[in-house]
Amino acid sequence: MQTDDNTALIEVADLVTLQKSSDPVILDCRYELADPESGARDYAAGHIPGAHYASLHRDLSAPTQRFGGRHPMPTSGQFQEYARSLGINDDASVIVYDDNRLGFAARAWFLFYFLVTSLSAS
């Protein structure tokens with residue numbers, strides 16, 4: 001997975017160009033805390049072509065424990081396993097998006113940036 005800080009944010013036109021020249025992995029991170037199934041419904045109703053749905057509860061968090069809140073951070077290993085299940089490897093370009101001011105796409109970006117050291121096949 002590439003982590004070039006100069007390309008952390010892109011415009012729609014950049015995504016279109018990227019899709020023509022490579023095969024980026026796109027994650028739809030839409031989610032609402034008050035309605036946890038809303039993101040999956042929105043994804044089913046329409047999403048960027050080729051995008052995968054990434055649920056805050058299921059994919060971007062560790063299982064809930066006694067401590068750690070409703071959506072504890074996954075371990076590096078847990079998140080890397082999820083990323084590999086989507087076919088993400090060290091060479092992949094990953095695009096994340098949502099439609100919420102609370103920044104669930106930002107959480108996905110954070111997880112990739114800080115928890116993923118290598119996605120080479122283990």
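**Exercise 1.** Classify aspartate 35 as buried, partly exposed or exposed, and identify its salt-bridge partner.

*Solution.* In this predicted model, aspartate 35 has a relative accessibility of 28%. Buried requires under 20% and exposed over 50%, so aspartate 35 counts as partly exposed. Its side chain meets that of arginine 41 in a salt bridge, at 2.4 Å from N to O. Arginine 41, with a relative accessible area of 47%, is likewise partly exposed.

**Exercise 2.** How many salt bridges are counted, and how accessible are the residues of the pairs arginine 30–aspartate 28 and arginine 58–aspartate 59?

*Solution.* The count is three. Arginine 30 and aspartate 28 have their closest N and O atoms 2.6 Å apart. Arginine 30 is buried at 12% relative accessibility, and aspartate 28 is buried at 0%. For arginine 58 and aspartate 59, the corresponding separation is 2.8 Å. Here arginine 58 is exposed at 54%, whereas aspartate 59 is buried at 10%.

**Exercise 3.** Determine the sense in which strands β1 and β3 pair, and assign the residues of β3 to its two faces.

*Solution.* Strand β1 (residues 25–28) pairs with β3 in the parallel sense, over four bridges. Isoleucine 26 has isoleucine 95 of β3 as its bridge partner. In a regular strand, side chains alternate between the two faces of the sheet. In β3 (residues 94–97), Ile95 and Tyr97 form the covered face, while Val94 and Val96 form the uncovered one.

Conventions. Residues numbered from 1 in each chain as written. Predicted model: local features only at pLDDT ≥ 70, side-chain atom pairs only at ≥ 80, totals over all residues. Heavy atoms only, no water. Buried < 20%, exposed > 50% of the residue type's maximum accessible area, 1.4 Å probe, protein only. Pairing = 2+ DSSP bridges. Salt bridge = Lys/Arg side-chain N within 4 Å of Asp/Glu carboxyl O.
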